[in-house]
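Trainee: I am new to this one. Could we look at it together and talk through a few side-chain features?

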Amino acid sequence: MADNAKIRLNKVLRELNISLDRAVDFLNGKGHDVEARPTTKISDDVYQVLLDEFQTDKSKKLHLRKLERKNVRKRRQFEFNW
């Protein structure tokens, strides 16, 4: 696995908005032997497996960020007009 390792697991966890335990349990269930450490490096294939499974979590995270930004803008506009 070390030959093919490209990306650290903690970066993927932040990107997909999932916990370390959730990712490791899922990958171990799919037959991928992954250490439960955030600094573990994973291959592009393992990354794709996570992406395929947890893409909706990433989409939710991005959607929430957009809503949050929109609310901040509205709040600033309200304060400015007040």
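Trainee: How many aromatic pairs does a search of the whole structure find?

Mentor: Rings of Phe, Tyr and Trp (its six-membered ring) pair if their centres lie within 6.5 Å. This is a predicted model, where local features need pLDDT of at least 70, side-chain atom pairs count only at pLDDT 80 or more, and totals for chains, interfaces and linings use all residues. Residues are numbered from 1 along each chain as its sequence is written, and side-chain values use heavy atoms, with hydrogens and water left out. Searching the whole structure gives 1 aromatic pair.

Trainee: Which class do the rings of Phe-26 and Phe-54 fall into, by the angle of their planes?

Mentor: Planes under 30 degrees apart count as stacked, over 60 as edge-to-face and the rest as tilted. The centres of the Phe-26 and Phe-54 rings are 5.3 Å apart and the planes stand at 75 degrees, so the pair is edge-to-face.

Trainee: Are Phe-26 and Phe-54 buried or exposed?

Mentor: Buried means under 20% relative accessible area, exposed over 50%, and partly exposed in between (1.4 Å probe, protein chains only). By that rule, both Phe-26 and Phe-54 are buried.

Trainee: Which residue forms a salt bridge with Arg-37?

Mentor: A salt bridge needs a side-chain nitrogen of Lys or Arg within 4 Å of a carboxyl oxygen of Asp or Glu. Arg-37 is partly exposed, with a relative accessible area of 41%. Its closest N and O atoms to the partner are 3.1 Å apart, and that partner is Glu-35.
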